[in-house]
Amino acid sequence: MREEIGQKHRYAHSARVARCAEILAVRYGADPGKARVAGLLHDIARLYTPERLLAECAARGLAIHEAERAAPVLLHARLGAALARERFAVTDPEVLSAIEKHTLGDADMSPLDCALYLADGLEPGRAFAERAALWELAKIDRTAAMRATLALTIGYVRARGLSPAPRALAAARAFGVET
Ligand SMILES: [Fe+2]
Ligand SMILES: [Fe+2]
């Protein structure tokens, strides 16, 4: 993975996410080994250019939604799951689901999906004011942490004058956030 990802900074993030996801998985009754694999591999396509993301998704017949056409970086989650399968022989549907959902979330999220989503957003390398408190919350209450993190993310996107992706809104609503 260190070679594949091609950047120290992104690898360090992935290693921290793996560790945090493992911690949360234990708390949520999910498999910590699966969380660690998902954490290590989740950003495998994160450094691809927009052109490459669009081309590689098209080559695999992955549907490209409107929000992804406008912001191809979003595709690194679904393409990442495809690459985890192709390059690292990951076949576990729970691991692949967590990788697919790590950026926007989803209306239907398992405890493992949440462990990766929260680990990615709340690992100690993230620098925003609410991070530490949200991480503490994530360790004790999965639903409350998902609700708070999704609400914060959507608020942040809107504050920048952008529209949240439909999947992010669906995820937020599923956890009881008023959108
Ligand atoms: Fe990512
Ligand atoms: Fe990430």
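At what angle do helix H9 (residues 131-140) and H10 pack, and how far apart are their axes? The angle is about 150 degrees, and the axes sit 7 Å apart. Keep in mind that this is a predicted model.

**H9 against H10**

- With angles over 145 degrees counting as roughly antiparallel, H9 and H10 are therefore roughly antiparallel to each other.
- On the H9 side, the meeting residues are Leu134, Leu137 and Ala138, and their partners in H10 are Ala144, Ala145, Ala148 and Thr149.
- Sorted by class, the contact of H9 with H10 has six nonpolar residues, one polar and no charged ones.

**H10 against H11**

- Helix H10 (residues 142-159) also packs with helix H11 (residues 166-174), at an angle of about 145 degrees and with the axes 9 Å apart.
- The crossing of H10 past H11 is left-handed.
- H10 brings Leu150, Ala151, Thr153 and Ile154 to this contact, while H11 brings Ala168, Ala171 and Ala172.
- The class tally for H10 with H11 is six nonpolar, one polar and no charged residues.

**The nonpolar core**

- The largest nonpolar core is made up of 52 residues.
- Which residues have the most contacts inside this core? They are Ala21, Leu24, Ala115 and Leu118.
- Helix H8 (residues 111-122) is the top contributor to this core, giving eight residues.
- Leu118 is worth a click: leaving out residues up to four places away in sequence, Leu118 touches Leu24, Ala138, Ala145, Met146 and Thr149.
- Of those partners of Leu118, Ala138 turns up on the H9 side of the H9 and H10 contact, and Ala145 and Thr149 turn up on the H10 side.

**Two loop residues**

- Ala89 sits in the loop between helix H6 (75-88) and helix H7 (93-101).
- The backbone of Ala89 is one to check, with a positive phi of about 55 degrees even though Ala89 is not a glycine.
- Is Ala89 buried or exposed? Ala89 counts as exposed, because there are 7 C-beta neighbours inside 10 Å.
- Arg60 lies in the loop between helix H4 (50-59) and helix H5 (66-70).
- Arg60 has 12 C-beta neighbours inside 10 Å, so Arg60 counts as exposed, given that the cut-off is 12 or fewer.
- From Arg60 to Asp92 is 32 residues along the chain, and their C-alpha atoms are separated by 19 Å.

Terms used. Residues are numbered from 1 along each chain as its sequence is written. Chains are lettered from A and ligands numbered from 1 in the order in which they are written. This is a predicted model: local features need pLDDT of at least 70, side-chain atom pairs count only at pLDDT 80 or more; totals for chains, interfaces and linings use all residues. Helices (H or I, at least four residues) and strands (E, at least two) are DSSP runs, numbered from the N terminus. A residue is buried if 20 or more other C-beta atoms lie within 10 Å of its own, exposed if 12 or fewer, and partly exposed in between; C-beta atoms are placed from the backbone. Axes are lines fitted to C-alpha atoms, for helices over the stretch in contact, and angles run from 0 to 180 degrees between N-to-C directions. A crossing is left-handed if the near helix is turned anticlockwise from the far one by less than a right angle, and right-handed if clockwise. Two residues are in contact if their C-beta atoms, placed from the backbone, lie within 7 Å. Ala, Val, Leu, Ile, Met, Phe, Trp, Tyr, Cys and Pro count as nonpolar, Asp, Glu, Lys and Arg as charged, and the others, Gly among them, as polar. A nonpolar core is a set of buried Ala, Val, Leu, Ile, Met, Phe, Trp, Tyr and Cys residues joined through C-beta atoms within 7 Å. Angles under 35 degrees count as roughly parallel, over 145 as roughly antiparallel, 65 to 115 as roughly perpendicular and the rest as oblique.
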